[in-house]
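Work through the exercises below with the sequence and the 3D view at hand. Try each task before reading its solution.

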Amino acid sequence: MEKLWLGLSPRKNRLMRILVISLTMIFISFGIYLQIKADIGLSPWNALNQGLSRTFPISYGTATILVSAAVLAVDLMLKEKIGFGTVLDSVLIGIFTDIFEYLDFVPTLGPLWLKAAVFILGLAVVCLGQYFYMDAALCCGARDSLTVALGKRFRALSVGTVNNLIFVTVLVIGWALGATVGLGTILSVFGNGILMDIIFRLVRFEPYKVQHEHFIATAITLWTGKEAEEFI
């Protein structure tokens, strides 16, 4: 797919990429909202957010932002690359998810098959959003960065194993805090990767080839209007 920021000046290039990521956060938040409305269980991280919101007097979105901030702090301590995309992900998804929950325009769902269908649709929406988000190359979300950072430090374990251990940990905490765990949790754990592979193949996107830009480099370009490499 043609990138909207190609051919633009360095500053406009970054501004366009930031705009794309910001709009994509709305898209991803809608996918999460659909999963919440399905009410058949949530993915591990979303279950943790829901558990916190049910235990403490905070909204789901606020819980999302607080968890993201905590994970982001760990990423920084582990010296993982952080970008504008990481920060936008940490803040905007929580805000927009709360907005969708406030509007609440999807009615309560009845049959289990319909709930499952809406949940899978939500997963697909999130996966498609992740394509646009990752393609902007301003770094991944705090949770993905945590997986990579821990994988580097526990090389005896595969990245998939590290990811699963993180999933189990946050899911158990979320469940203990009262989150809904069920069919949606299973669909998320096993179906998310499949849907992501399908969507990435359809748009011919190879995430491992993306060269992400550090927050500081992007900030330099926005401030000076020139590529950060000129100052390094």
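Predicted model: local features only at pLDDT ≥ 70, side-chain atom pairs only at ≥ 80, totals over all residues.

## Exercise 1: A salt-bridge network

**Solution.** 

1. Count. The structure holds 3 salt bridges.
2. Take Arg14 and Glu213. They form a salt bridge, with the closest N and O atoms 2.8 Å apart.
3. Locate this pair. Arg14 is in helix H1 (residues 10–38), and Glu213 is in the loop between helix H8 (183–202) and helix H9 (215–224), so the pair ties together parts that are 199 residues apart in sequence.
4. Take Glu227 and Arg14. They form a salt bridge too, and here the closest N and O atoms are 2.5 Å apart.
5. Locate that pair. Glu227 lies in the segment after H9 and Arg14 in helix H1, so the two tie together parts that are 213 residues apart in sequence.
6. Compare accessibility. Arg14 is buried at a relative accessible area of 3%. Glu213 is buried as well. Glu227, at 27% relative accessibility, counts as partly exposed.
7. Join the partners. Arg14, Glu213 and Glu227 make up one network.

## Exercise 2: Cysteines

**Task.** How many disulfides does the structure hold?

**Solution.** 

1. A disulfide is a covalent bond between the sulfur atoms of two cysteines.
2. Set the limit. The two sulfur atoms must lie within 2.5 Å.
3. The structure holds 0 disulfides.
4. Cys127 counts as buried, at 0% relative accessibility. Cys140 also counts as buried, at 18%.

## Exercise 3: Aromatic pairs

**Task.** Classify the ring pairs that Phe100 makes with Phe30 and with Tyr33.

**Solution.** 

1. Count. There are 10 aromatic pairs in the structure.
2. Classify Phe30 and Phe100. Their ring centres are 5.4 Å apart and their planes are at 55°, so the pair is tilted.
3. Locate the pair. Phe30 is in helix H1 and Phe100 in helix H4, so parts 70 residues apart in sequence are tied together.
4. Check accessibility. Phe30 counts as partly exposed at 24%. Phe100 counts as buried at 13%.
5. Classify Tyr33 and Phe100. The ring centres are 6.0 Å apart and the planes are at 25°, so this pair is stacked. Planes under 30 degrees apart count as stacked.
6. Locate this pair. Tyr33 in helix H1 and Phe100 in helix H4 are 67 residues apart, and the pair links distant parts of the chain.
7. Check Tyr33. Tyr33 is buried, with a relative accessible area of 1%.
8. Phe30, Tyr33, Phe100 and Phe105 form one aromatic cluster.

## Exercise 4: A nonpolar surface patch

**Task.** Which element gives the most to the nonpolar patch?

**Solution.** 

1. List the members. Val87, Val91, Ile95, Ile99, Tyr102, Leu103, Phe105, Phe215 and Ile216 make a nonpolar surface patch of about 850 Å².
2. Sort by element. H4 and H9 are the elements that give two or more residues to the patch.
3. Pick the main contributor. H4 gives the most, with 6 residues.
4. Inspect one member. Val91 is in helix H4. Val91 is partly exposed, with a relative accessible area of 35%.

## Exercise 5: A charge over a ring

**Task.** Which residue lies over the face of Trp45?

**Solution.** Look above the ring. Arg143 lies over the face of Trp45, at 5.2 Å from the ring centre.

Note on methods. Residues numbered from 1 in each chain as written. Heavy atoms only, no water. Salt bridge = Lys/Arg side-chain N within 4 Å of Asp/Glu carboxyl O. Helix = DSSP H or I, 4+ residues; strand = E, 2+ residues; numbered from the N terminus. Buried < 20%, exposed > 50% of the residue type's maximum accessible area, 1.4 Å probe, protein only. Patch = residues over 30% accessible without salt bridge, like charges linked within 9 Å, V, L, I, M, F, W, Y side chains within 5 Å. Areas by Shrake-Rupley, 256 points an atom, 1.4 Å probe, with all protein chains shown as cover. Phe/Tyr/Trp six-rings, centres within 6.5 Å; stacked < 30°, edge-to-face > 60°. Lys NZ or Arg CZ within 6 Å of the ring centre and 35° of its normal.
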